[in-house]
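Thanks for coming. I have one structure to go through today, so let me put it on the screen.

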Amino acid sequence: MGRVTERRRVLRIRDGVVSARPDTLTAEEPLEIRLNGEPLSVTMRTPGDDFALAAGFLVGEGVLARRSELANVVYCAGATEDGSNTYNVVDVRLAPGVPAPREGLARSVYTTSSCGVCGKASLEAVRTTARLPMPPDTAPRVAAATLSALPERLRAAQRVFDRTGGLHAAALFSPAGELLDVREDVGRHNAVDKLVGRALQEGRLPLSEVVLMVSGRASFELVQKAVMAGIPMLAAVSAPSSLAVRLAEESGLTLVGFLRGTSMNVYTGEARLVLPGA
């Protein structure tokens, strides 16, 4: 099975001194996701939590919303010419009676490690496929001071990043700032899918009482995945895109960007925040 990291020899130059040394790299391998035996998507990911990744991906596409809709997820043997199992192909089986996804889904979801929804549909498509409710705009209530502590807590939980410096991270926190789950991946959207997929497998959707914290920017696809999982608040250490802000506003999501130290920008859903002095 693919490893999370691998070691390679590198030539290191520091202050004019040349030396050879081993370096730890983040593993990146393709994962093909099949649905009921049919090819659906290929994503570049860091191996690990592959079943959760596939399940979370399908939550984001509106195919799954409840644990009972998922029959199982298995690795596919015979994925190569010699019949060996590469652990890079998974097949998701829907439970009996669960309707097949919309026609043309497979053609619209090719993904890479840098973009989860390249060329994908509009805000209207997300609104029409969302199956889990968004909590009221005042629930849950989270103190701004609590949000300020989350980037450091996320960074402290990034075990693989400490060794490689090459992974994104996503974490779920309680409204009081307690770390509930964290996942790392070469793709920021994959890290979120792994969180959401685990929640689906454990019957915890919708995630209506959590804050989703991500290590990079708040892109459209991350807001989409939060909305599809019923997550009411997304915080990022970097900037959101204009489309991410529009989707957050229309969906009732609280979106916070540039969360660094005691500073932050609140783009939408400020009613969920307990502001300083309030």
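Predicted model: local features only at pLDDT ≥ 70, side-chain atom pairs only at ≥ 80, totals over all residues.

Numbering runs from 1 along each chain as its sequence is written, and side-chain values use heavy atoms, with hydrogens and water left out.

The rings, then. How many aromatic pairs does the structure hold? There are two. Rings of Phe, Tyr and Trp, the last by its six-membered ring, pair if their centres lie within 6.5 Å; planes under 30 degrees apart are stacked, over 60 edge-to-face, and the rest tilted.

Phe51 and Tyr75 make a tilted pair, 4.8 Å centre to centre with 45° between the planes. Phe51 sits in helix α1, residues 50-60, and Tyr75 in strand β5, residues 70-75, 24 residues apart. Helices (H or I, at least four residues) and strands (E, at least two) are DSSP runs numbered from the N terminus.

Tyr75 also pairs with Tyr87, edge-to-face, at 5.0 Å centre to centre and 75° between the planes. Tyr87 lies in the loop between β5 and β6 (89-94), twelve residues from Tyr75.

Now accessibility: buried is under 20% relative accessible area, exposed over 50%, partly exposed in between, with a 1.4 Å probe and protein chains only. Phe51 counts as partly exposed because its relative accessibility is 26%; Tyr87 is partly exposed at 33%.

Last, helix α4, residues 144-156, bends by about 30° at Leu150, and Pro151 follows within four residues. The bend is the angle between axes fitted to the seven residues ending at a residue and the seven starting there. Both Leu150 and Pro151 are among the buried residues of α4.
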